[in-house]
Amino acid sequence: DILSEDCDENGTLTIEVDIRAATEKKSILYPLLEKSDNTCAKLHNSTETADVIFTVGSNGKEFKAHKSILLLEANVLHELIMMESKKRSISAEGLINVVLPNVNESLFEAMMTFIYSKGKVGPKIKDEITARNILLVACQFNCRDLKSYTESLIVENILDSSSTARLLLFADAHSLALLKEACM
């Protein structure tokens with residue numbers, strides 16, 4: 001008799017259940033970035049001590065840099081510098097000239113800013129596409145700290161149930177261990 005009051009006119013009892021799965025939120029690991037005394041930041045803004053110039057993108061935007069810093073922070077860029085120096089590709093200013101016509105200027109600039117700020121100035125990542133593009137540039141030039149930092153940002157701010165499968169495939173294709181683990 002008690003249940004009959006909750007049944008419809010056909011005698012059917014409808015029960016609505018709201019099921020929520022509790023998942024433990026893991027802490028996000030960000031790369032341990034060196035504490036900087038702003039020496040690199042000062043070098044980034046200085047053109048006097050630069051020994052290489054990158055001509056980037058279809059518009060040929062120029063970025064001056066330092067071989068020694070890139071050796072430590074983005075060794076593929078350093079390898080490109082060494083190849084160009086053997087070819088004697090020197091600019092009018094006497095700097096080694098490395099031309100990267102197929103690299104996006106703003107992404108390259110974000111990477112260089114990250115390198116010279118020792119991670120204090122991270123790229124502005126507003127969406128998944130931007131994050132993926134920054135990761136591609138970081139992978140292309142082996143900028144490990146930027147790669148780890150961007151993976152951490154994706155896991156913390158972008159990864160959700162609607163993007164998991166897509167990001168898992170992306171992480172697997174580009175050897176992004178942190179992102180891949182978070183997607184699984």
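**View 1. The hairpin of strand 1 and strand 2 in a predicted model.** Strand 1 and strand 2 form a hairpin in which four residues lie between the two strands, and glycine 57 in the turn has a positive phi of about 80 degrees. Strands here are DSSP runs of E with at least two residues, and helices are runs of H or I with at least four, both numbered from the N terminus. Strand 1 (residues 52-56) pairs with strand 2 (residues 61-65) in the antiparallel sense over five bridges, where pairing requires that DSSP finds at least two bridges between the strands. Phenylalanine 54 has phenylalanine 63 of strand 2 opposite. Residues are numbered from 1 along each chain as its sequence is written.

**View 2. The crossing of helix 5 and helix 6.** The axes of helix 5 (residues 128-140) and helix 6 (residues 144-158), lines fitted to C-alpha atoms over the stretch in contact, come within 9 Å and cross at roughly 160 degrees. That makes helix 5 roughly antiparallel to helix 6, a term for angles over 145 degrees, on a scale from 0 to 180 degrees between N-to-C directions.

**View 3. Residues between helix 5 and helix 6.** With contact taken as heavy atoms within 4.5 Å, the residues of helix 5 that meet helix 6 include Glu128, Ile134 and Cys139, and those of helix 6 include Lys147, Thr150 and Ile158. The contact residues divide into eight nonpolar, one polar and three charged.

**View 4. Confidence along the chain.** The protein averages a pLDDT (the predictor's confidence in each residue, from 0 to 100) of 85, and 84% of the residues score at least 70. The model is predicted, and local features need pLDDT of at least 70.

Terms used:
This is a predicted model: local features need pLDDT of at least 70, side-chain atom pairs count only at pLDDT 80 or more; totals for chains, interfaces and linings use all residues. Side-chain values use heavy atoms; hydrogens and water are left out. Angles under 35 degrees count as roughly parallel, over 145 as roughly antiparallel, 65 to 115 as roughly perpendicular and the rest as oblique. Ala, Val, Leu, Ile, Met, Phe, Trp, Tyr, Cys and Pro count as nonpolar, Asp, Glu, Lys and Arg as charged, and the others, Gly among them, as polar.
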